[in-house]
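I opened the notebook to record what I looked up here. The entries follow the order of my looking.

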Amino acid sequence: MAAMLLALHSIVRWAVVLFALLLLSRAVNGVRTRRDWAPADHRFGLGFIISFDLQFLIGLALFHFSTLTPDSLEGFKGAMHVPALRFFAVEHTAGMVLALAAAHISWAKGKRAADAARRFRTVAIGTGLSLLLVVLSIPWPWMAVGRRLWP
Ligand code: HEM
């Protein structure tokens with residue numbers, strides 16, 4: 001079960017990153033050209049939020065099934081000295097939860113914005129911040145605690 005969830009989590013990462021890049025580039029384009037909010041902006045936004053929520057749920061399930069994090073949560077103090085345990089139990093999870101919060105808050109605030117220009121600006125800032133946190137929290141292959149780019 002853990003192996004299947006981990007593989008799924010590894011794949012869905014690319015949906016999150018891709019939707020974030022597309023939404024960010026559309027929002028920046030909206031700010032620069034002062035165009036109206038379009039149905040495609042909405043579709044990319046929903047794609048980002050839904051893929052991120054799915055990734056969050058898989059991540060939570062991993063805490064339950066993974067051989068790595070349950071151990072780390074049991075002996076929390078000791079685990080802080082083991083880089084891989086510390087990374088997944090604390091750094092990866094905290095970074096991703098903050099990124100998820102930035103995505104949700106900016107998407108919701110954007111919906112309540114008075115006009116399209118303000119909506120694009122809010123979504124661009126929130127999605128940019130969220131993407132930065134995601135990129136900083138991914139276990140890239142070149143890191144000591146790194147994983148493969150594809151399962
Ligand atoms: C939102 C909350 C998230 C939580 C709670 C979470 C949690 C976890 C956990 C517990 C692991 C497992 C470590 C293991 O057992 O080996 C993991 C691995 C991983 N996570 Fe997350 N994660 C989250 C979001 C994300 C996001 C948004 C991305 C990328 C966009 C991501 C990318 C990865 C990758 C690439 C791995 C390694 C997969 C592999 O070994 O192939 N995670 N995550």
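**Contacts of the ligand**

I began with His92: an N or O atom in its side chain is 2.8 Å from a nitrogen atom of the ligand. A polar contact is a pair of N or O atoms within 3.5 Å; within protein, one must be able to donate a hydrogen and the other to accept it, and residues adjacent in sequence count only if both atoms are side-chain atoms. I noted that this is a predicted model, where local features need pLDDT of at least 70 and side-chain atom pairs count only at pLDDT 80 or more, while totals for chains, interfaces and linings use all residues. Residues are numbered from 1 along each chain as its sequence is written, and side-chain values use heavy atoms, with hydrogens and water left out.

I then looked up His9, whose side chain has an N or O atom 2.7 Å from a nitrogen atom of the ligand. For Arg147, a side-chain N or O atom lies 2.5 Å from an oxygen atom of the ligand.

**The iron atom**

Which residues are the protein donors of the iron atom of the ligand? I found His9 (NE2) and His92 (NE2), lying 2.0 Å from it. His9 is in helix α1 and His92 in helix α5, 83 residues apart, so the pair links distant parts of the chain. Donors are N, O and S atoms within 2.8 Å of the metal (3.2 Å for Na, K and Ca); water is not among the atoms, so sites may look incomplete.

The arrangement is octahedral because the 6 donor atoms around the iron atom subtend angles of 86 to 180 degrees. Six donors count as octahedral if opposite donors are over 155 degrees apart and all others between 65 and 115.

**The shell**

I counted 22 residues around the ligand, near meaning a heavy atom within 4 Å. Ser66 and Met96 are among the closest. α2 (39-65) is one of the helices that each supply at least two residues of the shell, and α2 gives the most, with 6 residues.

**The whole protein**

I found 6 helices and 0 strands; these are DSSP runs (helices H or I, at least four residues; strands E, at least two), numbered from the N terminus. The C-alpha trace spans about 50 × 25 × 25 Å along its principal axes.

Definitions and conventions
Four donors count as tetrahedral if all angles lie between 85 and 135 degrees; four count as square planar and six as octahedral if opposite donors are over 155 degrees apart and all others between 65 and 115; anything else is irregular.
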